[in-house]
Amino acid sequence: MKILLTRPIEDSQRIANDLKELNINSVISPLLEIHRKRNKEIDYEKYQSVLITSKNAAFGLCDVAIKKSLPIYCVGDETSRFIANLGFSNVISASGDVSDLIKITAENLNPSEGPIVYLSGQHVRHNIKKELEYLDFEVDVSVIYEAKQIKSFNVDMLKSLEKKEITGVFLYSPRSARIFIDNMKRTKLTAVAPDLKVYCISLAVADELKELKWKKVLIAHKPENAEMLALVRKK
């Protein structure tokens, strides 16, 4: 059993270590590469809270002048732990998806207490700003990073696939799923899809895979890496 890991390289390396503890081998071929954006400085003093949907946006929290007590609302537990490890003391996790983040933000914050800043990636699926503005919040968006598409699989992945070593693929976003299928088409590998199990972080990811027939499509109970590993353990 060998799992193809498709997240950006640092994330994939951490997941590879998790799989190794389960005696599962892996091969890494990232579909996205993270690039920090050069943005104007953010005046965090004017905001009552920060929203983050990816730990890649933590680049925006590197300013030493930011008060560590500033409330930071994160989409999931993994991102929350990462932010807390940076020294922030008031980190709140939605423990779910973007809808859960919007819900917990609306339940805990008051629009009259000031604007919110959303630290975002260049490519986003949900318009958090629009949805919170509908609830009377003032939301500023600061694009912190861009996840650039990698349009080819690496040599290690192609060799493992040729030897029929790869039995499953981890996919963590709808965009990654689309890139994965595009890359398979580009390299004329769609014929191997029926031999692969695809482990999806969410239903939205699975929905992007319907174009091809797979051995099995499995969906994590919750959108977090621990649940992806749980899917593999079930085999």
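K2 is buried, with a relative accessible area of 17%, where buried stands for under 20% relative accessible area, exposed for over 50% and partly exposed for the range in between (1.4 Å probe, protein chains only). The structure is a predicted model, in which local features need pLDDT of at least 70 and side-chain atom pairs count only at pLDDT 80 or more, whereas totals for chains, interfaces and linings use all residues. Residues are numbered from 1 along each chain as its sequence is written, and side-chain values use heavy atoms, with hydrogens and water left out.

The side chain of K2 forms a salt bridge with that of E165, at 3.1 Å from N to O; a salt bridge is a side-chain nitrogen of Lys or Arg within 4 Å of a carboxyl oxygen of Asp or Glu. This pair links distant parts of the chain, since K2 belongs to strand 1 and E165 to the loop between helix 5 (155-162) and strand 9, 163 residues apart. Helices (H or I, at least four residues) and strands (E, at least two) are DSSP runs, numbered from the N terminus. E165 is partly exposed, with a relative accessible area of 31%.

Two strands count as paired if DSSP finds at least two bridges between them.

Strand 1 (residues 2-5) and strand 9 (residues 166-171) run parallel and are joined by 4 bridges. The bridge partner of L5 in strand 9 is F170. G168 also lies in strand 9 and is buried, with a relative accessible area of 0%. Apart from neighbours within four places in sequence, G168 is in contact (heavy atoms within 4.5 Å) with K2, I3, L4, L196, K197 and Y199. Between G168 and V232 the C-alpha to C-alpha distance is 8.9 Å, although the two are 64 residues apart in sequence.

In the whole structure, 11 salt bridges are found. One of them joins K37 and E146, with the closest N and O atoms 3.9 Å apart. K37 lies in the loop between strand 3 (32-36) and strand 4 (49-52), and E146 in strand 8 (residues 139-149), so the pair ties together parts 109 residues apart in sequence. K37 is partly exposed at 30% relative accessibility, whereas E146 is buried at 17%. Another salt bridge is formed by E208 and R178, with the closest N and O atoms 3.3 Å apart. E208 lies in the loop between helix 7 and strand 11, and R178 in helix 6 (residues 174-186), so parts 30 residues apart in sequence are tied together. E208 is partly exposed at 25% relative accessibility, as is R178 at 39%. D11, R14, K55 and E78 are linked in a network of salt bridges.

L203, in helix 7 (residues 203-207), is exposed, with a relative accessible area of 52%. Together with V217 and I219, L203 makes a nonpolar surface patch of about 230 Å².

Definitions and conventions
Patch = residues over 30% accessible without salt bridge, like charges linked within 9 Å, V, L, I, M, F, W, Y side chains within 5 Å. Areas by Shrake-Rupley, 256 points an atom, 1.4 Å probe, with all protein chains shown as cover.
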